[in-house]
Amino acid sequence: YINTTPLIDRSDQWDVRVDHQFGTKDSFFARYADWYNPILEASYSVLPQRINNHYTNITASNTYSFSPNFLVTAKFGLQRSTNYYLEGGPDVVKEFSLQDIAPAWNSTLPNTTDILRSTSIPGYGGLGQFDSTDGPEYFLSWTGDATLIHGRHALGFGGRSIRSSFYLNCTFGYICFSTAQ
């Protein structure tokens with residue numbers, strides 16, 4: 001078997017940045033970045049593989065100078081990533097009237113479709129699909145620090161808090177060919 005179908009890998013990235021000086025003592029910075037990376041791989045054209053990767057990053061920082069010797073900075077960051085995988089195309093279950101052996105997959109995600117779980121009966125050809133969602137995965141970070149300068153001495157202190165959450169959804173069954181094929 002020689003694969004003659006192309007791998008289509010598109011990558012769209014963009015970001016927006018804002019810097020603002022509110023006065024001599026207060027400055028602000030923020031950035032929003034987004035990356036969408038859909039991939040269509042059809043080496044086995046009957047069961048193409050679709051991968052949608054989506055990443056977002058948000059950061060903001062505010063620095064305030066209370067005096068020439070005392071500076072405080074507060075920062076916030078958010079990172080979100082989602083990886084969605086589907087092998088087999090969206091209509092395999094319906095096209096082959098297999099709803100009885102592949103019950104509906106009712107996920108809260110908008111791109112999820114009914115899939116055929118791997119089926120293997122000895123002596124007969126078997127076939128299955130794969131669906132997986134890794135995310136959204138969130139990392140939220142809050143950071144604060146202060147610097148006090150007195151003569152030749154600089155005292156810095158601060159802290160950070162991070163919160164993360166991760167949604168993982170996998171149904172198992174890969175492209176599976178049994179011995180009859």
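Here is a short exchange on a predicted model.

Biologist: Why is the pair of tyrosine 64 and phenylalanine 66 called edge-to-face?

Modeller: Start with the distance. The ring centres of tyrosine 64 and phenylalanine 66 are 4.7 Å apart, and rings pair if their centres lie within 6.5 Å. Then the angle. The planes stand at 70°, and over 60 counts as edge-to-face. Therefore the pair is edge-to-face.

Biologist: How many aromatic pairs does the structure hold, and which residues do ring pairs link into a cluster?

Modeller: The structure holds six aromatic pairs. Ring pairs join Tyr64, Phe66 and Phe70 into a cluster.

Biologist: What makes tyrosine 64 partly exposed?

Modeller: Its relative accessibility is 30%. Buried means under 20% and exposed over 50%, so tyrosine 64 falls in between. Phenylalanine 66, at 48%, is partly exposed too.

Biologist: Where does glutamate 41 lie, and why is it called partly exposed?

Modeller: Glutamate 41 lies in strand E3, residues 26–41. Its relative accessibility is 22%. Buried needs under 20%, so glutamate 41 counts as partly exposed.

Biologist: Which residues does glutamate 41 touch, leaving out those up to four places away in sequence?

Modeller: Leu7, Pro48 and Gln49. Isoleucine 51 is ten residues from glutamate 41 in sequence, and their C-alpha atoms are 8.2 Å apart.

Biologist: Where is confidence lowest and highest among the elements of the protein chain?

Modeller: Helix H1, residues 92–95, is lowest, at a mean of 67. Strand E2, residues 12–21, is highest, at 94. Over residues 172–176 the pLDDT is below 50. Where pLDDT is low, predicted coordinates should not be read in detail.

Terms used: Residues numbered from 1 in each chain as written. Predicted model: local features only at pLDDT ≥ 70, side-chain atom pairs only at ≥ 80, totals over all residues. Heavy atoms only, no water. Phe/Tyr/Trp six-rings, centres within 6.5 Å; stacked < 30°, edge-to-face > 60°. Buried < 20%, exposed > 50% of the residue type's maximum accessible area, 1.4 Å probe, protein only. pLDDT = per-residue confidence, 0-100. Helix = DSSP H or I, 4+ residues; strand = E, 2+ residues; numbered from the N terminus. Contact = heavy atoms within 4.5 Å.
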